[in-house]
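Here is a short briefing on one structure. Keep the sequence and the 3D view side by side as you read.

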Amino acid sequence: MKKPTDAAKPKLARPLTGKPAKVTIRKMPTGVRGLDEILGGGIPEFSFNVIAGMPGCGKTTLAHQIIFANATAKKPALYFTAVGEPAVKMLRYQQQYSFFDESKLGNAVRFIDLAELALEKDLSHVLDAIGKYVAESNPSVVVVDSFHTIVRNPTTQVGELDVPAFILRLAQLLTSWEATTFLIGSYLDDEIGDNSLFTLADGLIWLWQKTERNSVVRKMQIMKLRGQESVPGLHTIRISNQGVQTFSRTLGLIGNKTKPKLGRRLSTGIPELDAMLGGGIPEGDSLLVAGPSGTGKSALATQFIAEGLRNGEPGIMAIFEERPQAYTHRAGTFGLNLEAPQKKGQLETLYLRPLDLSVDETMQEILDAIQRVGAKRLVIDSLVGFEMALAPGFRADFRESLYRMIGALTGAGITILSTVEVEDTFTALPFSHYAISFLTDDILRMRYVEIDGQIRKVMVVIKMRGGNHSKDIREYVITDKGVTIIHPRQTDYALLSTGLPEPIGQPTEAAPEAKAAK
Amino acid sequence: MRNLAERLIAYERTQNKITKTKTPPEISVFDRLRPQLATLMGNAGFRAILTRALVLSHEEVPWLRAMHVIADGTLVHVDERQAHGNRRKIAAGNVVLLAQLLGLLAVFIGDDLTLHLVRETWPKLPLNTLYHGKGY
């Protein structure tokens, strides 16, 4: 006799006792880069949300991205326009964005103008009209833009419904039709406390923009989101031809696993320097190379990347001062070929110099590149240039964001070499006026010294968090092989760190580079 | 654009014969477009764009000066007796008016979206472009 199949077995009703099963709230993707991560996975399905902010923040564009990402002919999106931007003008402007899909218009995305109704009739008529269209099309997403103009319009007659009742009935209507709703409105910050709309809403997305000096800074905050954990705080947003893009404060690095350090050392490509570092840079460390202009910081960074490529470790160079061609050319003069690895996708050079970047979006560019090439080594050349490339309003965030990124990347096992330009004072040895030394595990200081009628260069390892290191101050030159530490060490000096040393060893040492003829 | 207007009116004529509709095709073509566009831009928006198209047509079709757009977006003749004049003349005038209306739409929302709207209104009419043959 055949055994009954699972399908044939009588199904047991779930026992009434015990822990009840939780409802699963599906998260709807927004189609907005970075936003799903900020929201904690997406917009909760069937939620009633408000997108608020001053004009020009990107509220309408954000709503358009959401509808184009989700609407289908079977479960369309209804976009009600009221006393605000008419749909025909919206179409004129929104079609400029890359997410705009003309083939969805009419069937999957439907625009309905309610302006006359809102102007001439009372709120119950507006509610009835929305109800009629919703019943006809069974939408997945409903947008009312601009909602505040409907409820605040002095010519809209309140009639049978007052505003809170209208909002409540609208929420009930749309939720019962299983529609995820977005009400778009221009609201001021001080309205948050006493507006019943915000109390009723499941989600409240607030957009800001402010001008700082010559740059515009746009930010987003998820002020409220019922049922799931969103990333708190202000997140940078940018509006480009791709629509709104968001850059999470956490840079999408939440939950990234920390790779245990295995004690491996990475060569810098300069054997003598590796010896000074106690065998190389510990894998997953952040090394800061500090020194004045012309001391060879970029050359050293190039050698570090090239050595990684030789060992099969892909790399990223984020450069903010020199142009990529100059970088590649200089590497060539040291006998290092950076062109071939770039063509093979093992090396990417990011040249980031626009003057209104946000720190988070710059970091996102770097993170994207790291992911693309599977980078093990990262060069940031330089931190001063990086800060200069940011919009003035974002510079205050620089250290905090850098701290987050360096922490997350080194935690993932990526080894970072950052350069920073510092002045030689000839009386002191500052590591960096950025007070970013705390971000780094290791510090290498390069500087000029005056010896025997020449300006020469020396370097010293200041700090190695992972172990012991040489305490020697070593003289080096930049040759056709790049940064080269002079070996064997010839002379002993005192007061090298002041830049004006005094010989304490052989007084007649030979200069490492030829002196000018007398 | 005029060629497209002629095609739309010709198509309406065929459809009206099939459905035994008595409304002249040059009128029913606007009746069909009106709800489509009014949903998108509201009645007031539709009235505004049709009125503008009417004004733009005056130079070429002087008798259209006697037409005006009423509150619900329909076109009416000021003088009811003249409204039933020379059918050929009326049809030709409406081709110009429809072409101006579609031309204005194309200026606002672009050729692709205008074509999309026309296709949505006449889904069985094969159309690949707004521009066929001569004319604006």
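A:V477 sits in strand β21 (residues 474-479) of chain A. Helices (H or I, at least four residues) and strands (E, at least two) are DSSP runs, numbered from the N terminus. This is a predicted model: local features need pLDDT of at least 70, side-chain atom pairs count only at pLDDT 80 or more, and totals for chains, interfaces and linings use all residues. Residues are numbered from 1 along each chain as its sequence is written, while chains are lettered from A and ligands numbered from 1 in the order in which they are written.

**Around A:V477**

- A:V477 counts as partly exposed because it has 15 C-beta neighbours inside 10 Å.
- The cut-offs are these: a residue is buried if 20 or more other C-beta atoms lie within 10 Å of its own, exposed if 12 or fewer, and partly exposed in between, with C-beta atoms placed from the backbone.
- Beyond its neighbours within four places in sequence, A:V477 is in contact with A:K457, A:T484, A:I486, A:P512 and A:E513.
- Contact here means that the C-beta atoms of two residues, placed from the backbone, lie within 7 Å.
- A:P314 is 163 residues from A:V477 along the chain, and their C-alpha atoms are separated by 27 Å.

**Confidence**

- Chain B has a mean pLDDT of 85, and 91% of its residues reach 70 or more.
- pLDDT is the predictor's confidence in each residue, from 0 to 100.
- For the complex, the predictor gives an ipTM of 0.74 and a pTM of 0.75.

**The nine-stranded sheet**

- Nine strands of chain A form an open, mixed sheet in the order β5-β4-β6-β7-β3-β8-β9-β10-β11.
- β5 (109-113) and β11 (243-247) of chain A stand at the edges with a single partner strand each, so one side of each lacks a neighbour in the sheet.
- Two strands pair if DSSP finds at least two bridges between them.
- β9 (residues 215-225) and β10 (residues 234-240) of chain A pair in the antiparallel sense over three bridges. A:M220 stands opposite A:H235 in β10(A).

**Strand β7 of chain A**

- Six of the six residues of β7 (residues 180-185) of chain A are buried, so the strand is largely enclosed by the rest of the structure.
- A:T180, A:F182 and A:I184 point one way from β7(A), and A:T181, A:L183 and A:G185 point the other way.
- In a regular strand the side chains alternate between the two faces of the sheet.
- β3 (residues 48-53) of chain A pairs with β7(A) in the parallel sense over five bridges. A:L183 is the bridge partner of A:V50.
- β6 (residues 141-145) of chain A also pairs with β7(A) in the parallel sense over five bridges. A:V141 stands opposite A:T180.

**Two helices of chain A**

- In α15(A), A:S401, A:L402, A:M405, A:I406, A:L409 and A:T410 are buried. They cover an arc of only 145° around the axis, which puts them on the same side of α15(A).
- The arc is that of the directions from the helix axis to the C-beta atoms.
- The buried residues of α15(A) pack against β14 (286-291), α13 (359-373), β17 (377-381) and β18 (415-421) of chain A.
- After α15(A) comes A:G413, whose phi is positive, near 95°.
- In α3 (residues 87-94) of chain A, A:A87, A:V88, A:M90, A:L91 and A:Q94 are buried. Their arc is within 160°, so they line one face of α3(A).
- The buried residues of α3(A) pack against elements of both chains, including β4 (77-81) of chain A and α2 (25-57) of chain B.
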